[in-house]
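I opened the notebook to look up how two chains are built and how they meet. The entries below follow the order in which I checked things.

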Amino acid sequence: MRHIEWMGDWLKQIILLVLIATFLDMLLPSNAMEKYVKLVMGLLILMAILSPIFKLLSENLNLTELAFLDGSKAVVAMPEMKSLADINEQTSQLKKKQDQVIQQKTEESMETWMKKNIPDRFAMEVVSADVIAQFTSENPHIEKIHLVVREKATGASAKQQINPVQEVSILPSNDPTTHTESTSNETGQKIQSFIQQTWNLTAEQVEVQLE
Amino acid sequence: MEILQVVGLGLITTILILVVKEQKPIFAFLLATFVGITIFLALAGKIADVIRILENLATQAHVNNLFLETILKIIGIAYIAEFGAQVTRDAGQGSIASKIELAGKVLIMVMAIPIITVIIETIVSILPA
């Protein structure tokens with residue numbers, strides 16, 4: 001846009017000079033001076049037309065300045081043309097941001113995947129899933145998965161929750177707390193190994209907590 | 001000064017000059033010069049208006065000041081030289097009138113010298129050495 005603006009200025013200058021010259025011709029007193037005045041006016045108009053070339057020659061072809069010429073003024077301070085170092089810095093910042101976004105998205109999608117799949121396979125409910133990933137451009141990896149699960153509130157367990165003390169006292173042999181604990185531990189390990197297999201992780205990286 | 005006034009002044013002066021010329025030609029000449037100057041000065045105000053408008057237009061269009069200055073100087077030189085030449089020619093001094101005109105022409109050409117030098121320098125620098 002700047003170029004068009006600048007060109008408009010240049011054209012305006014020429015047009016106005018021609019108009020003034022015509023006007024001057026009418027104002028001139030007589031023929032005696034006419035030839036000379038016309039010559040000088042012609043030179044002036046020629047100079048106005050050639051002014052971009054003069055600038056080009058006098059500014060040693062500084063391309064950045066040339067690109068931002070404005071009107072008859074030599075060079076207007078251009079709106080912060082950034083240096084290469086600045087651009088590089090911005091690039092690295094943007095990359096970092098991108099990595100962060102990728103990390104966040106990965107974590108989120110893994111969490112939702114676990115929340116969806118674990119209840120399907122193990123009759124457990126995911127209370128909270130927390131994935132910590134490290135996304136550097138060289139070595140993206142998952143640091144840790146922290147999972148809190150609890151037994152699915154099925155009809156039976158719901159009843160248990162409503163009246164757990166009675167059942168425990170009446171049927172000590174079929175103790176629900178110990179029973180669930182053992183099964184929970186098993187399920188927990190199952191879940192852990194399932195997650196390990198899914199994402200190819202070590203046992204330390206996966207932490208399953210039962211509620 | 002309106003056109004009627006100018007024409008009226010001119011007519012009266014002409015009649016007066018015709019009357020006076022027989023007795024005192026020198027007074028006729030003085031009268032003519034004086035009236036000429038009067039009309040010229042009266043019109044100067046109007047010319048100033050025109051020039052002001054031109055200047056405004058030029059500044060709005062970002063015309064280089066150098067251009068406008070040169071143009072206005074040329075107008076001034078042309079007018080003054082013309083006026084002087086006519087007065088002297090009226091007085092019967094054609095040779096002096098032509099000298100005044102010559103001076104006017106030379107001065108106008110002097111105005112053009114910086115422009116011509118710039119253009120020629122540019123052309124020379126564009127052309128391969």
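**Entry 1: the model.** I noted at the start that this is a predicted model.

**Entry 2: chain A.** I looked up the elements of chain A and found seven helices and three strands. I then read their order from the N terminus, which is α-α-α-α-β-β-α-α-α-β. Chain A has 211 residues, and 13% of them are buried. I also looked up contacts in chain A with a separation of 6 or more: 54% of these join residues 24 or more positions apart.

**Entry 3: chain B.** I found four helices and zero strands in chain B. Read from the N terminus, the order is α-α-α-α. Of the 129 residues in chain B, 18% are buried. Among the contacts in chain B with a separation of 6 or more, residues 24 or more positions apart account for 43%.

**Entry 4: H1(B) and H2(B).** I noted first that two packed helices are described by the angle between their axes and the distance between the axes. Helix H1 of chain B covers residues 3-23, and its axis is 8 Å from that of H2(B). The angle between H1(B) and H2(B) is about 170°. Angles over 145 degrees count as roughly antiparallel, so H1(B) and H2(B) are roughly antiparallel to each other. On the H1(B) side I listed the contact residues, including Val6(B), Leu9(B) and Leu16(B). On the H2(B) side they include Phe27(B), Leu31(B) and Val35(B). I sorted this contact by class and got twelve nonpolar, one polar and one charged residues.

**Entry 5: H3(B) and H4(B).** How do the axes of H3(B) and H4(B) cross? They cross at roughly 175° and come within 8 Å. H3(B) and H4(B) are therefore roughly antiparallel to each other. Among the residues of H3(B) that make the contact are Ile74(B), Ile77(B) and Ala78(B). H4(B) contributes residues including Ile100(B), Leu107(B) and Ile108(B). By class I found twelve nonpolar, five polar and three charged residues in this contact.

**Entry 6: where the chains touch.** I looked up the interface and found 29 residues of chain B in contact with 29 residues of chain A. On the chain B side, the elements that give two or more residues are H2 (25-60), H3 (65-90) and H4 (94-126). Which element gives the largest share of this side? H4(B) does, with 13 residues. The side of chain B that touches chain A has 20 nonpolar, six polar and three charged residues.

**Entry 7: the nonpolar cores.** The largest nonpolar core has 30 residues. I noted some of those with the most contacts inside this core, among them Val37(A), Leu44(A), Ile74(B) and Ile108(B). The elements that give two or more residues to this core are H1 (2-27) and H2 (31-58) of chain A, together with H2, H3 and H4 of chain B. H3(B) gives the largest share of this core, nine residues.

I then looked up Val37(A) by itself. Leaving out residues up to four places away in sequence, Val37(A) touches Leu24(A) and Leu28(A) in chain A, and Ile74(B), Ala78(B) and Ile108(B) in chain B.

Note on methods:
Residues are numbered from 1 along each chain as its sequence is written. Chains are lettered from A and ligands numbered from 1 in the order in which they are written. This is a predicted model: local features need pLDDT of at least 70, side-chain atom pairs count only at pLDDT 80 or more; totals for chains, interfaces and linings use all residues. A residue is buried if 20 or more other C-beta atoms lie within 10 Å of its own, exposed if 12 or fewer, and partly exposed in between; C-beta atoms are placed from the backbone. Two residues are in contact if their C-beta atoms, placed from the backbone, lie within 7 Å. Ala, Val, Leu, Ile, Met, Phe, Trp, Tyr, Cys and Pro count as nonpolar, Asp, Glu, Lys and Arg as charged, and the others, Gly among them, as polar. Axes are lines fitted to C-alpha atoms, for helices over the stretch in contact, and angles run from 0 to 180 degrees between N-to-C directions. Angles under 35 degrees count as roughly parallel, over 145 as roughly antiparallel, 65 to 115 as roughly perpendicular and the rest as oblique. A nonpolar core is a set of buried Ala, Val, Leu, Ile, Met, Phe, Trp, Tyr and Cys residues joined through C-beta atoms within 7 Å.
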